[in-house]
Amino acid sequence: MHPQRSLTVREIRPDEFDLVWPVFHAVISSGDTYAYSPHLTIDEARTTWTAPPARAFLAELDGTVVATYTLRPNQPGLGNHVANAGYMVAPGARGQGIAGTLCEHSIETARGAGFTAMQFNFVVSSNEGAVRLWQRCGFSIVGQVPAAFRHSERGLTDVFIMHRFLSP
């Protein structure tokens, strides 16, 4: 990211989801990284991204919303010590280190909330930039699900399950 530019990350309430909707919609409409329907409505997206126990965050670059992430328990009950997160960066803001900053922020937030690990359940294998980034952030591929994603251009594509512990 350019040194003079200022990225701020803050938590949002469900009634602020409209601030991140343009980013969310742009990401899911491409059909190449998220399993969400490209036709998901704003209300469905708001519920998916912000309904408790999920917490949602936005990132602003010089006052413009450029990204969002959600953080939640990966599973309820006896699996709720492992966090899950999803990240979306506006197409025009990619390649500036924003996703890495969000990942670091989410790891610290998850640690602060008492999670002991973080797991990504559905990383599309053809999203090579994301896979490399998550590996740089300490995640390992712990599983692969064959043909689990219907990629908009490539057809059936494998997905990875990625994991890391959150110990300091």
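1. The side chains of N74 and N84 make a polar contact at 3.3 Å, where a polar contact is a pair of N or O atoms within 3.5 Å, of which, within protein, one must be able to donate a hydrogen and the other to accept it, with residues adjacent in sequence counting only if both atoms are side-chain atoms. This is a predicted model, in which local features need pLDDT of at least 70 and side-chain atom pairs count only at pLDDT 80 or more, whereas totals for chains, interfaces and linings use all residues. Residues are numbered from 1 along each chain as its sequence is written, and side-chain values use heavy atoms, with hydrogens and water left out.

2. N74 lies in the loop between β3 (64-73) and β4 (82-89); helices (H or I, at least four residues) and strands (E, at least two) are DSSP runs, numbered from the N terminus. With a relative accessibility of 13%, N74 counts as buried, since buried means under 20% relative accessible area, exposed over 50%, and partly exposed in between, with a 1.4 Å probe and protein chains only. When its neighbours within four places in sequence are left aside, N74 is in contact with V82, A83, N84, Q119 and N121, contact meaning heavy atoms within 4.5 Å.

3. On the cysteines, the count comes to 0 disulfides, a disulfide being taken as a pair of cysteine sulfur atoms within 2.5 Å.

4. The largest nonpolar core has 47 residues, a nonpolar core being a set of buried Ala, Val, Leu, Ile, Met, Phe, Trp, Tyr and Cys residues joined through side-chain atoms within 4.5 Å. The residues with the most contacts inside this core are F24, Y87, I98, M118, F120, W134 and F139. For Y87, not counting residues up to four places away in sequence, the residues touched are Y34, W49, T68, Y69, L102, C103, S106, M118, F120 and W134.

5. As to strand pairing, β6 (residues 140-151) and β7 (residues 155-165) pair in the antiparallel sense over 8 bridges, two strands being said to pair if DSSP finds at least two bridges between them. The two strands form a hairpin with 3 residues between them. H151 has G155 of β7 as its bridge partner, and R150 stands opposite L156 in β7. Strand β7 also pairs in the antiparallel sense with β5 (residues 117-124), over 6 bridges, and here V159 in β7 is the bridge partner of V124.

6. Not counting residues up to four places away in sequence, F165 touches T116 and A117. The C-alpha atoms of F165 and G112, which are 53 residues apart along the chain, are separated by 14 Å.

7. The count of salt bridges comes to 6, a salt bridge being a side-chain nitrogen of Lys or Arg within 4 Å of a carboxyl oxygen of Asp or Glu. One of them joins E11 and R55, whose closest N and O atoms are 2.8 Å apart. This pair links distant parts of the chain, with E11 in strand β1 (residues 7-12) and R55 in strand β2 (residues 55-61), 44 residues apart. E11 is partly exposed, with a relative accessible area of 37%, and R55 counts as partly exposed at 30%.

8. Which residues are linked in a network of salt bridges? The network is made up of R10, R13, D15 and E16. Within it, the side chains of R13 and D15 meet in a salt bridge at 3.0 Å, N to O, while R13 also forms a salt bridge with E16, for which the closest N and O atoms are 3.7 Å apart. In terms of accessibility, R13 is partly exposed, with a relative accessible area of 48%, D15 counts as exposed at 53%, and E16 counts as buried at 13%.
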